[in-house]
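This briefing is intended for a reader who is meeting the structure for the first time. Please keep the sequence and the model in view while reading the points below.

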Amino acid sequence: MVGTPAAADVKLDVKNLAIHYGDTCALRDTSFQIRKNEIFGIIGPANSGKTSFLRAINRMDMFDDNMRIDGEILLDGTEVRNWRNVYALRRRVGVVFPLPVGLPLSIYDNVALSPRLAGTRKKADLDVIVERCLTRAALWDEVKDRLNSLGSLLSGGQQQRLTIARALSQQPDLLLLDEFSIAVDPVTTMRIEDVLKELREEMTIILVTNLVQQARRLADRTAFFLTGECVEVAETEDLFTGAVSDQRTSDYVEGRFG
Amino acid sequence: MAHNAGALDRRDTAWYVDKAVEWLVFIGGISAIIFIVGIFVFIGKEGFGFILGRFDFAEFFFSPRWTPTSLTNATYGALALIVGTASVTGFAMLVSVPFSLGAAIYIAEFATGKRRETLKVLIEMLAAIPSVVWGFIGLSLMNPLIISVFNVPLGLNVLNAGIILGLMAAPIMTTIAEDALKAVPDGYREAAEALGATRWQVIRQVVLPAAKNGLVAAVLLGVGRGFGETMAVLMATGHSINIPSSIFDPVRALTATIATELGETAEGSEHYQALFALGILLFAVTFVINLTADLFVRGIKDK
């Protein structure tokens, strides 16, 4: 499996990517490829450039004048910054942030927002999407009787799952998960992880996580980021069985630092 | 041990300073309430004499005849004055609400860096222009302009005062509305943009609903400002008692009536007391408007 995959199998092609905030370097000279329909894990301690990488894919750098991106990120062969309609790009790329953001709308409207933006108007269609996405995010049973109450009033863990449902409602072909389980209890985390394994059939998933074991459970391949450097990209099992090229990777995976 | 116990039992300087500051700010806080009550008692003492004695409910609220100086048959119908104030304020809101909400949305959501700061400073400067200057603009600039543009005999009317008052209320409404928009967490905007919403979609679907209460409060405070404004309205309305049938009719405002007539009445006379009754009416209206605005602002915090 290791080696250069055929171009048709590459979902995201990262070439010499570097990210700076002002003079501070968040990620330097990173190149790797993410394949279609794989779960690609990114592990590493805080401040290693994981979140910056996700923000660059989704063009979230537009919010931050200070953020500079060099190199290339090719999504299905097209550089993301050459996409004229950034909104269309974002509709294809779902994001789940580490801190849950329940928009101050009803639970139903939170999930229906994205389909509505994309032009779905029929109540019946929206009902189907809302139920399917909430079910997949393991939230449907808890909220099905109060879909009209405010999404921002849910508990932290529930809001996190609402965010996941919202990201799924876009029907993205690339899903970016940034520490999705940080506010979710272990049982629910397991349920969501099962869903992610199924979603792999439909989309490519990039999973940024602090939980090394979560990467091991889910990711097909995993990258190890350390202070702005992509130290290692390898089959996840190799990472955990010590078949790595860099000593720092196995040190981190085995919990000797970080 | 004994030494420690003594220290615990002794009030030191910090303790006294703390108590003194507590009392000082308490007096500052309570004085606002004392002043409000004082104003109410003062206006009430003079006005209730009229309300309990001469006052005729039907005349006061439904007659447009305000002829307090008539020797034979003085009447105190405030309808024309109420309609005058209401029409000018209403027209002012038509002018200022779209402008100030637009300005607030631009400053809070679109403008960045220097442009944003410059705009904010300019708008705050606009709020500091004395009302007599606005009245002067209405009298000497708008008046001839309205006469020549609309070909009407008089340029001091609802239109003139409405525009002037609208421009006066707009900076305050803009500032408060902008605060309300800025109070919406950036996380909401990022989350919505990450879903592929355009800027306008983010504003329309997420930011405006979230800031709704603050925006209503901004408009209400603008209305309160319009109701209470005196000098500019006096100078730009034409100051003639009249129930307007079009925006080109001159009117007279409640506030302007009090301002111009109070100096010419004998203290304690019926006319004098009637003016205080107008004051009570104004006080009650602005009180209700501000209270409503306050309740809306509180609505934000509850959520």
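Directly after helix H6 of chain A comes Gln171(A), a residue with a positive phi near 50°. The model is a predicted one, with an ipTM of 0.80 and a pTM of 0.79.

**Helix H6 of chain A**

- H6(A) covers residues 156-169, and its 14 residues should span 20 Å at 1.5 Å a residue; the end C-alpha atoms are 20 Å apart, which agrees.
- This helix is mostly covered, with 12 of its 14 residues buried.
- Among the buried residues of H6(A) are Gln158(A), Arg161(A), Leu162(A), Ile164(A), Arg166(A) and Leu168(A).
- Strands E6 (93-96) and E7 (174-178) of chain A are among the elements against which the buried residues of H6(A) pack.
- The helices of chain A that take part in this packing include H3, H4 (123-136), H5 (140-143) and H7 (186-199).

**Chain A as a whole**

- Chain A contains 10 helices and 10 strands.
- Its radius of gyration is 18 Å, close to the 18 Å that the globule rule gives for 258 residues, so chain A is as compact as a globular protein of that length.
- The C-alpha trace of chain A spans about 50 × 40 × 35 Å along its principal axes.
- Of the 258 residues in chain A, 43% are buried.

**Glu232 of chain A**

- Glu232(A) belongs to strand E10 of chain A, which comprises residues 229-235.
- Is Glu232(A) buried or exposed? Glu232(A) is buried, because 23 other C-beta atoms lie within 10 Å, and the cut-off for a buried residue is 20 or more.
- Leaving out residues up to four places away in sequence, Glu232(A) touches Ala223(A), Phe224(A), Val244(A), Ser245(A), Asp246(A) and Thr249(A).
- One of these residues, Ser245(A), is 13 residues from Glu232(A) along the chain, and the C-alpha atoms of the two are separated by 7.5 Å.

**Chain B as a whole**

- The average pLDDT of chain B is 89, and 96% of its residues score at least 70.
- Chain B has 12 helices and 2 strands.
- Read from the N terminus, the order of elements in chain B is α-α-α-β-β-α-α-α-α-α-α-α-α-α.
- The radius of gyration of chain B is 25 Å, well over the 19 Å that the globule rule gives for 303 residues, so chain B is more spread out than a compact globule.
- Along the principal axes, the C-alpha trace of chain B spans about 90 × 60 × 35 Å.
- Buried residues amount to 38% of the 303 residues of chain B.
- In chain B, 72% of the contacts with a separation of 6 or more are between residues 24 or more positions apart.

**Two helices of chain B**

- Helix H4(B), residues 79-110, has 32 residues and should span 46 Å at 1.5 Å a residue; its end C-alpha atoms are 45 Å apart, which agrees.
- H4(B) has a kink of about 30° at Ser96(B), shortly before the proline Pro98(B).
- The 25 residues of H7(B) reach 34 Å from the first C-alpha to the last, close to the 36 Å expected at 1.5 Å a residue.
- H7(B) is kinked by about 30° at Ala170(B), shortly before the proline Pro171(B).
- In H7(B), 23 of the 25 residues are buried, so this helix is largely enclosed by the rest of the structure.

**The largest nonpolar core**

- The largest nonpolar core has 146 residues, of which Ile206(A), Leu207(A) and Ile164(B) touch the most other members.
- Helix H7 of chain B, residues 158-182, gives the most to this core, with 16 residues.
- Apart from neighbours within four places in sequence, Ile206(A) is in contact with Ile34(A), Phe40(A), Ile42(A), Leu54(A), Leu176(A) and Leu177(A).

**Where the chains meet**

- The contact involves 18 residues from chain A and 16 residues from chain B.
- On the side of chain A that touches chain B, helix H2 (86-92) and helix H3 (107-117) each supply at least two residues.
- The largest share of that side comes from H2(A), with 4 residues.

Definitions and conventions:
Residues are numbered from 1 along each chain as its sequence is written. Chains are lettered from A and ligands numbered from 1 in the order in which they are written. This is a predicted model: local features need pLDDT of at least 70, side-chain atom pairs count only at pLDDT 80 or more; totals for chains, interfaces and linings use all residues. pLDDT is the predictor's confidence in each residue, from 0 to 100. The radius of gyration is taken over C-alpha atoms; the globule rule is 2.2 Å times the number of residues to the power 0.38. A nonpolar core is a set of buried Ala, Val, Leu, Ile, Met, Phe, Trp, Tyr and Cys residues joined through C-beta atoms within 7 Å. Two residues are in contact if their C-beta atoms, placed from the backbone, lie within 7 Å. The expected span of a helix is 1.5 Å times one less than its number of residues. The bend at a residue is the angle between axes fitted to the seven residues ending there and the seven starting there.
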